[in-house]
Amino acid sequence: MKQVLYTFFFFIAGIFTANATHERAGEIVYKHIEGLTYEVKIITYTYLPSPADRPELEIRWGDGTSSILPRTLKQDLTPLIRRNEYVGQHTYPSSGGGTFIISVEDPNRNYGIVNIPNSVNIPFYIETQLVINPFLGSNNSVQLLNPPLDYGCVNRLYVHNPGAYDVDGDSLSYKLTICKGANGLPIPGYTYPTASIEFSINELNGDLIWNRPEIQGEYNVAFIIEEWRNGIRIGYVTRDLQIQIGACDNEPPEILAIQDTCVEAGTFLQFDITATDPDDHSIVLSAYGSPFLQDPGPALMIPNPAIGDGEVTANFQWNTNCTHVQKNPHVIYIKAKDTLHNEISLSAYKNVNITVVAPAPEFTDVTPIGRTIDLQWDQTICNNAKGYYIYRKSSYYGFFPDNCETGVPAYTGYKLIAEINNINTTFYKDDNGGSGLVHGIEYCYMITSFFADGAESYASTEWCATLRKDLPVITNVSVEKTGTSDGEMYVAWSKPTELDTAEIPPPYVYKLWRKENTPEAQLIEVATYYNLNDTLFFDEQLNTELIQYAYQVELYRGTAPNLELVGSTVLAPSVYLSPTGSDKSIVLNWNNDVPWTNNSFVIYRQNETTNQFDSIGISVTPNYVDTGLINGQNYCYQIKTVGKYSASGFVEPIVNYSQIACAKPVDNIPPCAPELMVDVNCLELKNELSWSYPDTCTNEELIYYIYFSGIESTDFILYDSTIFTSYDFVTDPPSVVGCFTVTALDSLRNQSIYSNVVCVDIDECGRIWFPIVFTPNGDGYNEYFQADSVNSIYQLQLNIFNRWGLIVYKTSDPFFQWDGKDQDNNQDCSPGVYFYEGVVSEYTLRGPVERRVRGSVTLLRD
């Protein structure tokens with residue numbers, strides 16, 4: 001019978017081994033068919049001599065269902081390697097979208113993988129993530145154009161690139177993961193390959209770098225290629241790659257440097273690709289990637305592959321067109337491989353990025369009409385564009401884009417003002433969002449076309465125009481005198497010089513309106529003029545100290561009471577200064593929302609000796625910090641603005657003044673944050689807090705607040721304060737568990753931010769445990785059975801039993817001391833083994849955690 005059993009065991013083991021020496025590498029990819037239907041392809045590379053073969057594989061779709069996929073391709077690449085493809089379609093049930101992990105598990109991997117213990121008995125597992133998101137559109141996974149089997153040498157740089165191609169043009173990123181086995185779990189004992197220098201992956205271009213492998217053999221590594229669209233991950237593919245490392249003397253080929261480039265759609269691009277071999281071995285130079293897969297208009301490399309001894313050159317050619325335009329670059333993956341008969345062939349890789357950019361649409365006319373400007377342009381030649389972006393700036397920039405500079409960069413000062421979602425629309429009226437454009441401004445425009453994936457064309461030539469000066473234009477709103485009741489404003493405007501007197505005949509009337517610059521305030525008429533040359537007004541008896549004023553000029557024709565409004569200026573506010581005291585400084589802020597452009601601001605401070613206002617600085621932004629002041633002393637300021645209109649025909653420079661405003665510096669700067677350290681005293685069950693404070697921050701005495709949180713996820717509470725830089729933190733009952741942080745306060749109670757947070761968990765001092773023997777014999781040594789650690793006990797329930805199961809002692813006190821007596825009758829218990837069992841609840845950083853304790857203790861009396 002034993003012989004039969006042994007024979008059966010070895011028979012089963014033989015079958016298992018035959019099935020095991022099988023899977024080498026692979027991945028799962030998919031493409032969208034329609035709706036919720038996807039076609040999935042499993043690609044595996046297997047050990048050809050193995051009797052195990054898979055004419056079909058089970059696939060799990062990630063929605064709780066699975067299918068059996070038939071093999072559609074069986075290709076014997078070498079006497080040891082077979083390439084297999086399994087293809088099937090699946091329709092997902094929910095139109096609301098979801099995330100699905102598509103996976104395959106197959107027993108087993110091939111024998112002898114160095115970094116997978118007992119690899120022959122480890123299942124092969126690969127997975128791909130499919131995200132169905134109706135807001136992001138359908139998605140196709142990346143296709144990996146370089147096979148997942150490769151070769152390298154000991155003490156030689158090894159590089160592998162998967163040649164990832166994304167037909168949707170999504171952004172890709174790469175990261176290492178670990179090989180997985182049964183049920184998609186990490187393989188026990190799996191390690192990354194060892195390297196003399198590094199083993200890593202370039203997260204941007206996908207180069208897997210193994211710098212100087214140390215040991216010969218077969219290795220498996222896994223990495224993830226993630227797809228991103230609009231900043232959202234929309235799926236990934238996991239590649240399980242096998243690398244065979246051998247001993248060799250040859251060096252890999254070298255590919256000469258090729259610069260990434262950008263090209264305008266419709267341009268013919270060509271360049272040479274050259275590879276050399278330091279050992280003068282024969283080289284096979286090949287290229288693959290997105291440009292070669294375009295339809296219409298694929299790229300060519302002539303020849304592909306190119307073969308030569310020592311050095312080889314091929315010519316890349318691509319006649320680009322609008323269908324090639326996409327936001328992310330097209331990637332050419334170049335591979336140079338030496339060919340040897342007796343040694344391992346080594347490869348070199350290089351990626352070249354080519355961005356195809358749509359040509360710029362061009363303006364044909366920019367015409368000012370009233371307070372609007374009409375824009376017209378030629379339709380883009382790229383029919384796959386989605387629409388146009390229109391940008392505007394209030395002066396000419398002189399932008400000429402670099403070769404790879406698409407759209408309109410922010411540094412030009414241009415702002416996006418309109419999005420046209422129809423390429424057949426070639427007209428736009430700029431009315432400044434309905435509020436009308438401003439006279440005196442030179443408005444300049446550029447236009448681009450944009451595409452569904454976010455790609456943007458080159459920018460057009462700049463076109464500029466100004467409104468006809470057929471209305472008054474305000475140039476000055478300046479505070480002449482600061483006061484609460486006797487304040488004075490100076491208002492000036494430029495008269496209309498291009499007024500069509502035939503269409504709008506005289507007489508003309510100006511009406512000047514004033515408004516307190518608050519949302520609820522109303523316009524008040526303050527002056528009327530009957531001569532176009534009257535363009536100045538002094539507004540008196542105002543509260544210019546506390547109130548900011550804005551003004552508007554209206555132009556009428558005719559005579560009262562039959563005045564007809566011709567038009568008006570925009571509302572122009574005065575410069576209003578708001579000073580705020582800070583520590584030995586005053587922060588000055590003022591508005592800059594005027595219709596003209598202020599180029600600089602002169603800051604004046606009143607001299608306490610002469611009472612004159614002296615210039616103390618110039619700023620190009622509407623803010624300034626005056627430092628080196630004395631806290632508590634009053635300082636007064638005034639701002640002068642210097643600007644101009646970008647159109648010609650106006651006074652230049654335009655100078656205006658703010659009101660005079662005063663403030664006092666005050667110490668409102670908090671101290672620096674302390675640096676906290678915590679030493680755990682397990683003997684006394686306390687935390688000894690100490691902290692350091694940089695001497696460069698302040699030299700005044702500080703108070704320190706100590707904050708505590710017993711649970712890591714809860715808010716801190718103020719526990720105590722001290723003037724010292726150390727603190728013994730003790731709790732009742734004793735516990736070292738908790739998180740700590742400290743703040744510093746100065747004499748004005750300015751409080752720093754929290755220091756670093758230090759957390760201590762229960763394992764720092766260990767959990768409750770009990771001795772295995774005690775001797776209650778009256779000699780004063782080891783008289784009690786008690787817990788040897790009471791760290792962080794929240795609750796305790798403990799029962800002690802004799803060998804017959806009767807309770808002789810029970811307690812809920814963590815500080816219990818059993819003296820060996822029966823708790824019911826106070827009689828000595830007989831020597832022997834006693835058993836304890838209970839439940840202890842202990843403080844942890846996650847809160848109280850309950851666990852069972854049980855064991856035995858020997859009672860001795862001799």
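Me: What is the average pLDDT of the chain?
Reply: The protein chain averages 92, and 97% of the residues score at least 70. pLDDT is the predictor's confidence in each residue, from 0 to 100. This is a predicted model: local features need pLDDT of at least 70, side-chain atom pairs count only at 80 or more, and totals for chains, interfaces and linings use all residues. Residues are numbered from 1 along each chain as its sequence is written, and side-chain values use heavy atoms, with hydrogens and water left out.

Me: Where is the pLDDT below 50?
Reply: Over residues 1-20. Where pLDDT is low, the predicted coordinates should not be read in detail.

Me: On to cysteines. How many disulfides?
Reply: Eight, counting pairs of cysteine sulfur atoms within 2.5 Å.

Me: What does Cys262 pair with?
Reply: Cys404, with the sulfur atoms 2.0 Å apart. The link is right-handed, with 115° about the S-S bond. Cys262 sits in strand E18 and Cys404 in the loop between E28 and E29, 142 residues apart. Strands here are DSSP runs (E, at least two residues), numbered from the N terminus.

Me: Is Cys262 buried or exposed?
Reply: Buried, because its relative accessibility is 9%. Cys404 is partly exposed at 45%. Buried means under 20% relative accessible area, exposed over 50%, partly exposed in between (1.4 Å probe, protein chains only).

Me: And which cysteine is joined to Cys322?
Reply: Cys382, S to S 2.0 Å. The torsion is about -65°, so this disulfide is left-handed. Cys322 and Cys382 are both buried.

Me: What about Cys636?
Reply: Cys636 forms a disulfide with Cys662, sulfurs 1.9 Å apart. A torsion of about 105° makes that disulfide right-handed. Cys636 is buried at 10%, while Cys662 is partly exposed at 38%.

Me: Switching to strands. What is the order of the open three-strand sheet?
Reply: E10-E14-E13, with antiparallel pairing. E10 (157-160) and E13 (195-201) are the edge strands. Two strands pair if DSSP finds at least two bridges between them. E13 and E14 have five; Ser200 has Ile209 in E14 as its bridge partner.

Me: How many residues of E51 are buried?
Reply: Five of its seven. E51 covers residues 703-709.

Technical notes: Helices (H or I, at least four residues) and strands (E, at least two) are DSSP runs, numbered from the N terminus. Contact means heavy atoms within 4.5 Å.
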